[in-house]
Amino acid sequence: MGKLLGALADWYQRRQQLQKPWTQQRYVALDIETTGLDPNKHQVLSIAWMSINPPVMHTGSAQYHVFSHGQELELGQSPTIHGLTQQDFLHSSDPRQTYAMLSRALQGAVLVCHHKGMDWRFLKHIEKEFLINFRPLGVFDTLAFEKNIMFKNPDSPPKQGQLTLSACRARRGLPNYTSHHAFTDTHACAELFLAQAFKYADESTKTLHLLK
């Protein structure tokens with residue numbers, strides 16, 4: 001009974017927080033680069049995250065970590081993999097310590113990512129592997145949000161390639177960045193989120209749930 005009451009209290013507290021204006025929330029933009037799409041078969045190569053207190057992006061305190069998994073020995077003739085070189089893999093972070101830092105960063109924050117399906121799938125796998133919980137207040141998917149906006153125009157539904165991070169940024173008038181690097185994509189995702197939110201937030205309530 002005590003656990004149930006605690007869970008209900010936690011749910012209510014989180015719900016109340018999300019009713020506040022979206023500009024009063026804290027956000028954490030995240031990007032994960034992996035060796036493939038299946039967390040049961042593939043590995044996380046690098047991860048980056050950055051806190052946002054609208055309109056401020058805290059670039060100076062952003063985190064970027066690389067995990068070697070022996071990749072420095074597997075690059076072969078290829079100079080890079082996901083923007084990573086052999087030199088990058090020589091400075092591997094400790095996964096458990098890194099994920100514990102991310103868990104703390106997500107407490108009381110809304111997770112922001114471009115393609116929630118993949119990032120959240122890997123995070124849930126990490127939870128099981130390292131017994132670390134990721135409990136953001138909610139998740140804002142910049143790709144899904146952009147897709148919903150485009151589908152509101154039946155004459156112009158999204159086409160292949162129009163929902164990539166770079167394509168979504170271009171529609172918001174944001175500069176083009178080199179993609180497939182965790183830190184760069186985290187920065188790019190954070191900027192896209194702010195551009196979407198400031199343009200489409202409901203003027204009467206400005207609450208986060210209206211942005212999902």
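**Ground rules.** I number residues from 1 along each chain as its sequence is written, and side-chain values use heavy atoms, with hydrogens and water left out. In this predicted model, local features need pLDDT of at least 70, side-chain atom pairs count only at pLDDT 80 or more, and totals for chains, interfaces and linings use all residues.

**Aromatic pairs.** I looked up ring pairs (Phe, Tyr or the six-membered ring of Trp, centres within 6.5 Å; planes under 30 degrees apart are stacked, over 60 edge-to-face, the rest tilted). The structure has ten. One of them joins Phe140 and Phe193, edge-to-face, at 5.0 Å between centres and 70° between planes. Phe140 sits in strand β6 (138-141) and Phe193 in helix α7 (182-200), so the pair links parts 53 residues apart in sequence. Helices (H or I, at least four residues) and strands (E, at least two) are DSSP runs, numbered from the N terminus.

**Burial.** Phe140 is buried at 2%. Phe193 is buried at 0%.

**Cores.** I then looked for nonpolar cores (buried Ala, Val, Leu, Ile, Met, Phe, Trp, Tyr and Cys joined through side-chain atoms within 4.5 Å). The largest holds 22 residues; Leu30, Ile47, Tyr99, Leu102, Leu123 and Phe134 touch the most other members. Helix α4 gives the largest share, five residues. Apart from this core lies another of 20 residues, including Trp22 and Phe140.

Definitions and conventions
Buried < 20%, exposed > 50% of the residue type's maximum accessible area, 1.4 Å probe, protein only.
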